[in-house]
Amino acid sequence: MTTQSMPAAALDPRTLLSIRGLRVDYEVKSPRLSRTPATVLRAVDGVDLDVHRGQALGLVGESGSGKSTVARCIVGLVRPTAGDITFDGHAMGDGRSREVARRVQIVFQDPYSSLNPRMTVATAIGEMLRVHRVVPRDRVDARIDELLEVVGLGRRMRNAYPRQLSGGQRQRVGIARALSLEPELLIADEPVSALDVSVQATILALLQDLRERLGLTLLLIAHDLAVVRQVCDRVAVMYLGRIVEEGPAESLFGDARHPYTRGLLRAVPSLRPGVRAEQVAVVGEPPSPYQLPSGCRFHPRCPIARARCAVVSPDLSLGDHRAACHFAWVPPAPTDGGLLSGVPPVHEVVP
């Protein structure tokens, strides 16, 4: 990544994390005996994103949209092909300092694979405290107990191994381990997708409580809009490596402007008994990432696609609620309290 110039948004005192022009390419080599040349898979393509201090931002989209790749670039697990990431004015390149790196921590999707099966809970958390010298050595055990209490486990779990814990308990250990470094930004990468439905709500409530108690900034990655609606202030929607809509959660859920976002909203199960969805969520399967469509990447599945959509790639519109669509949905007058009660007309917003 280049570090010559700092994005202007990074100078805004409200902005803790700023991403500009993020692109990630993976070279996929052919089998050894094949004469087919290597192909390039573009997992992330020109993502711009700002996260303000104390904010909870939800990053949503189908599997393969590039959400987790963005998160791994932020914490340094993936090296971007191009673009800039700045955290509190510091460029998050290859030479990031340990002090800056510890201020950004991640909670992974699978709580079992993210923990060392040979380490007890106390050992896994204590290792972080000792390596980064967060507290004096004679305070490590006491700090471990404090962290376990914060995530709702208690010191009785300190000598347990991951195999002895439930999925929800393992995820709480992962959260405690991330909190051990006292981060300012916590990235939760699909933190509840591997958990039972009965446990998901408790983990989301824990993240919300920690955010309020500790003053954390939260980046929550999910494929389920119902999950981010419970926690987040803003929502960004990704499709095939690009952000197609971004805005305040209340505005996005009440007035979704991109057809893909509206499809995701239709996929959220209705809580009204006896009411069935009259429209399908999103038609068809996502295109192959090796052969991306021309123009708007969503146009092969879009119910309002026109000839222009197959040729011209739309940019994100301006404003606090942005959408990358040549045509915008005009919401109908609500009849039953829900935006998705009918098929609204459209109007062209980009000539």
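1. Arg98 touches Val131 and His132, residues up to four places away in sequence not being counted, where contact means heavy atoms within 4.5 Å. The C-alpha atoms of Arg98 and His132 are separated by 8.2 Å, although the two residues stand 34 residues apart along the chain. Arg98 belongs to helix H2 (residues 98-102), and Arg98 counts as exposed because its relative accessibility is 52%. Here buried means under 20% relative accessible area, exposed over 50%, and partly exposed in between, with a 1.4 Å probe and protein chains only. Helices (H or I, at least four residues) and strands (E, at least two) are DSSP runs, numbered from the N terminus.

2. On the basis of the values: this is a predicted model, in which local features need pLDDT of at least 70 and side-chain atom pairs count only at pLDDT 80 or more, while totals for chains, interfaces and linings use all residues. Residues are numbered from 1 along each chain as its sequence is written, and side-chain values use heavy atoms, with hydrogens and water left out.

3. Helix H3 (residues 121-131) and helix H5 (residues 167-179) have axes that come within 8 Å and cross at roughly 20 degrees, which means that H3 is roughly parallel to H5. Axes are lines fitted to C-alpha atoms, for helices over the stretch in contact, and angles run from 0 to 180 degrees between N-to-C directions; angles under 35 degrees count as roughly parallel, over 145 as roughly antiparallel, 65 to 115 as roughly perpendicular and the rest as oblique. The crossing of H3 and H5 is right-handed, a crossing being right-handed if the near helix is turned clockwise from the far one by less than a right angle, and left-handed if anticlockwise. In this pair, Val121, Ala124, Ile125 and Met128 of H3 meet Val173, Ala176 and Arg177 of H5.

4. H3 also packs with helix H4 (residues 140-150), at an angle of about 115 degrees and with the axes 10 Å apart, and this crossing of H3 and H4 is right-handed. The residues of H3 that meet H4 include Val121, Ile125 and Leu129, and those on the H4 side include Val140, Ile144 and Leu148.

5. Strand S8 (residues 217-222) is mostly covered, with 6 of its 6 residues buried. Thr217, Leu219 and Ile221 point one way from S8, whereas Leu218, Leu220 and Ala222 point the other way. S8 pairs in the parallel sense with strand S3 (residues 56-60) over 5 bridges, two strands being paired if DSSP finds at least two bridges between them, and in that pairing Leu59 has Ile221 as its bridge partner. Strand S7 (residues 185-189) likewise pairs with S8 in the parallel sense over 5 bridges, with Leu185 opposite Thr217. From S7 the chain passes through helix H6 (residues 197-214) to S8 in a right-handed β-α-β crossover, right-handed if, with the strands pointing away from the viewer, the path from the first strand over the helix to the second runs clockwise.

6. An open sheet of 4 strands has the order S2-S1-S4-S5, with antiparallel pairing. Strands S2 (39-52) and S5 (90-91) stand at the edges with a single partner strand each, so one side of each is left without a neighbour in the sheet. Strand S1 (residues 15-28) pairs with strand S4 (residues 82-87) over 5 bridges in the antiparallel sense, and Thr86 in S4 is the bridge partner of Ser18.

7. Helix H9 (residues 259-266) is largely enclosed by the rest of the structure, because 8 of its 8 residues are buried; among them are Tyr260, Arg262 and Arg266.
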